[in-house]
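Me: I have a model to go through with you. Can we take it piece by piece?

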Amino acid sequence: MSTLNLLILVCMLYGLFLFLVAFVAERSARRGRARWLRSPIVYTLSLSIYCTAWTFYGAVGYAARSGMEYVTIYLGPTIVMVGWWWVLRKLVRVGRSQRVTSIADLISSRFGKSNLLAVGVTILAVVAATPYIALQLQSVTLSFASFADAVGQADQVSDERSTTAFWVAMGLALFTVLFGTRNLDANERHHGVVMAIAVEAVVKLTALMAVGIFVVWGLSGGVAETFARIDASPIGHWQMDGGRWAALTFLAGAAFICLPRMFQVLVVENADEAHLRTASWAFPGYLLLMSLFVVPIAVMGLERLPAGSNPDLFVLTLPLAEGQTALAIFSFLGGFSSATSMVVVASLALATMVSNHMVMPLWLLWSGGRASVSGDVRHVVLLARRLSIAGIVALGYIYYRISGGGEALAAIGLVSFAGVAQVLPVMIAGIYWRGATRIGALAGLTVGFGLWGYTLFLPSLGAGVILSQSILDNGFLGLVWLRPQALFGIEGIDPLVHAVFWSLLLNALTFFAVSLASFPSPLERLQGAQFVNVLQQAGSARSWSAGAAQAEDLMIMAQRILGAQEAQAFFEQEAARQAGRAVRAGALPEPGPDFLQRLERELSGSVGAATAHAMVAQIVGGASVSVHELLAVADETAQMIEYSDRLQAQSRELAATAAKLREANDKLTQLSVQKDAFLSQISHELRTPMTSIRAFSEILRDTRDVSPEEQKKYSSIIHDESVRLTRLLDDLLDLSVLENGQVNLNIRRGTLREALDKAVSAAVAGDESAKLQVNRVPEEEAQTLETDFDRLGQVFINLIANARKYCDAEVPELTIHAAAMSDGRVQVDFIDNGSGIPEESRDLIFEKFSRVAPQRAGGAGLGLSICRQIMERLGGSVDYVPSPRNAHFRVTLPMAESEGPAAHRKSLVTN
Amino acid sequence: MTGQRPRQLFVERQTYRRRRIQDAARFLPVLGIVLVMVPLLWSEGAQGVSMSGAIRYLFTLWAALVGAAMVLSHYLGEDKAGEAEDPPPATEPGDR
């Protein structure tokens, strides 16, 4: 068997072995034994896809050409990993809490689930990654050809270089499709793929170290000798462009987080945040070992191999030239591993982005936006994913064929790095700065992408491919300051540094400025807060406000996307979570906001956040939940709150009115009762005299012989009763007039003494048997009053007459005191020496028809009530002053002012 | 921080230690950047730093960074209560 055939056989076996590893890993994961698959070591090793064939072969070539510059490509990531506490920790937390499926998904999620942004990042990633995939295919082809050359069987493969690349591409696409799209896991984790690349990581490291050890101890004869050789070699002195050193270190660090494939293994495939802790030192260690023997191999290659041989293949050709075929085959496998693992993960990551952000939205649009109608979405997603993988690998292959696999490809690594690094400002600001907006991100990415294309990518394709030589020399449209490699007329900078500097600077500036000037939508602000504060809170994405979604509909949709079993398991688990215990199979959870949110996350693992959101939105209500609709929901809520506030105010008002009404009703009832009492009282009062009048008038009429004395007696009774009746009616009239306020007051000036004199004489006059002794102090009664003396007299007469009537003392006495008060009022006290009014009656004496002692009644019981009405009219009052004995009435009324022109006194006359 | 609870000026010794380790984890990459940029100061050419010297410096630095990160990651992982590590920025001393 020829060496070449042996190589092919080994390659085939190795490929089979990888398939087997992936298959076994996938199977154990399925059986729930994924623990060992997901150790920190596997995580660390999976990160090694950073080291592609460009590293494996290219680093030595790089070192042979430019000395130590190659280490910058590994120092950048080392610093990023060592500084994991700053960025990666947060990035991984965000990725896990938001179930991010790719870097495009991350950016899109952060900026309000903007699909436009996701599409932009996807295009950028595909453009940047395609040449890189081509480079991997080239490395395999080239190494295979070199191997054939070296073993003298070049004729067997000379015409089949592109064929090799084709078969390799086919094999890789097959592997990726098989293990990358086996299932649509919510976590977007691929155990088989990760395990296979971890194995490949070990193979490439040991291969490179084996060659290195062979060179240092086999060929050179020890460490000291190796150092001596290095110092003696053409690259034996420190030679470095400072700008490139710094720029490349930065660029490598940036690309380490921004490359879609790195993001895939760093964030998406991360099973446990604690793994990052281990990787923070283990991966830099891996990189160190990968770089350790690069310079010795380069120096030895330069020394031993004929001038003109390709330094990019020293790793392979050196062992071959030394006759170490086995080592060479091992080394070839290392390179093969580097190339294949990169292509697998890159195409997987890119395909996720393409299918989630470009194919699926288009398909949803095309299918009328109804996820539940057009068949099985799960199959569509898988198909889209598979086609995307095939498409991306094909793109790489086509690019390889077109570019002809020349030396131009070798430089593409850094060009690609610079392209994906354009995402860095948006990504970093996205997780640290809440003010970053979608418009700003779009503007920044557009500027960065445009400048990168103009200053680096297009020129890298070579003059004349897209950019003509004249543009390169004289600038776009002949504007000298627009020369792609000397923007703004600044010349003499390394083209790469130039491009990285201007594109990232202007990218970041535009992003920053536009973000400052624009205003984010509510969803953006919400997401921004969740991203930036992810370490403070284990917060979740925004919540669903609608509870109207039907669990069955959601179940149907979820089945189509996740697969029937997975969906059922998920729904059961949710139902159990809601019930707080195990539930029977097939139980459906309540479609509450929490559940919808988790479902959306679950779905977003398969179809991306924006699509998942749209799909859940379709079922929950509305064709899509746009920010406007969210705003509408918020508005509605605000309106409802306002409305309920108004209702509350109204009901309060109503309650107050009702209370008032009740009060009024009570009053009315009371009044009605009073009125009834009043009427019955009135009729009673009227009836008594009427009865005697009737009786005596009948006697007079019907009795024939009535003696004149009798006649006189009866007539006088009738007269007396009529007088009494008239008085009663007068009183009633008086009271009603007073109560209605329709009273004419005859205001004049006079002294209190006058009024009292008159009243006392009038009250005592009609009663000859007057035993009442009235005591007065005339000096106290000098106050001048300005009032209606007739009415006032009426009050006084009433009070004195009451004393006369009711005073139950042996020798009735009434004492009248008058005193001027400091507030310009006069107080007149009527105090008799009787037993006073019983406490329980005091409240009633001013009421109509109330008589304290009915048995001694002389009047209708209206007197005091009239008094009170009169005093109110006169601006004063009459009260009963409670005292244990003596009846004590107090009349208070205003004194006349010193000068009392009658003019405005007239106004007291009320009508 | 005026209000609900009195501001906590001093934390427990263990918490204090953990925070300083976090500070160290933050500082390590800064130190790394500075040391990686040291070669910019080297003179070039035949009289300058030899390639073996450069290799020795860079790989020693590299190994040191790996070692330091290893030690730090060991201590950072001691407490699983990593959630409550930093106080929210707003309440950090000096913020107001």
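Reply: Start with a definition: the expected span of a helix is 1.5 Å times one less than its number of residues. Helices (H or I, at least four residues) and strands (E, at least two) are DSSP runs, numbered from the N terminus. This is a predicted model, where local features need pLDDT of at least 70, side-chain atom pairs count only at pLDDT 80 or more, and totals for chains, interfaces and linings use all residues. Residues are numbered from 1 along each chain as its sequence is written, chains are lettered from A and ligands numbered from 1 in the order in which they are written, and side-chain values use heavy atoms, with hydrogens and water left out.

Me: OK, helix α27 of chain A. What should its residues span?

Reply: Helix α27 covers residues 564-579 of chain A, and at 1.5 Å a residue its 16 residues should span 22 Å. The end C-alpha atoms are 22 Å apart, which agrees.

Me: Which residues of α27(A) are buried?

Reply: Ala567(A), Phe570(A), Phe571(A), Glu574(A) and Ala575(A). Buried means under 20% relative accessible area, exposed over 50%, partly exposed in between (1.4 Å probe, protein chains only).

Me: And how are they placed around the axis?

Reply: They cover an arc of only 135°, so they sit on the same side of α27(A). The arc is that of the directions from the helix axis to the C-beta atoms.

Me: What follows α27(A)?

Reply: Gly580(A), with a positive phi near 75°.

Me: Another helix: why call α21 of chain A largely enclosed?

Reply: Because 7 of the 9 residues of α21(A), residues 424-432, are buried. Those are Leu424(A), Pro425(A), Val426(A), Met427(A), Ala429(A), Gly430(A) and Ile431(A).

Me: Now Gly95(A). Buried or exposed?

Reply: Buried, at a relative accessible area of 4%. Gly95(A) belongs to helix α6 (residues 88-97) of chain A. Neighbours within four places in sequence aside, Gly95(A) is in contact (heavy atoms within 4.5 Å) with Val100(A) and Val267(A). Val268(A) lies 173 residues from Gly95(A) in sequence, and their C-alpha atoms are 6.7 Å apart.

Me: Where is Glu781(A)?

Reply: In the loop between β4 (773-776) and β5 (784-788) of chain A. Glu781(A) counts as buried, at 0% relative accessibility.

Me: What does Glu781(A) touch, leaving aside neighbours within four places in sequence?

Reply: Its contacts are Thr751(A), Leu752(A), Arg753(A), Leu756(A), Arg776(A), Ile816(A) and Ala818(A).

Me: How many disulfides over all chains?

Reply: 0, from a search of the whole structure, a disulfide being a pair of cysteine sulfur atoms within 2.5 Å. Cys51(A) is buried at 0% relative accessible area, and Cys867(A) is buried at 2%.

Me: Chain B, then. What is its secondary structure?

Reply: Chain B has 2 helices and 0 strands. Of its 96 residues, 32% are buried. Among contacts in chain B between residues at least 6 apart in sequence, 68% join residues at least 24 apart.

Me: Back to chain A: where is confidence lowest, and where highest?

Reply: Lowest in helix α35 (residues 902-905), at a mean of 42, and highest in helix α5 (residues 72-82), at 91. The score is pLDDT, the predictor's confidence in each residue, from 0 to 100. Over residues 899-911 of chain A the pLDDT is below 50, and this stretch has 16 contacts in the model beyond near neighbours in sequence. Where pLDDT is low, the predicted coordinates should not be read in detail.
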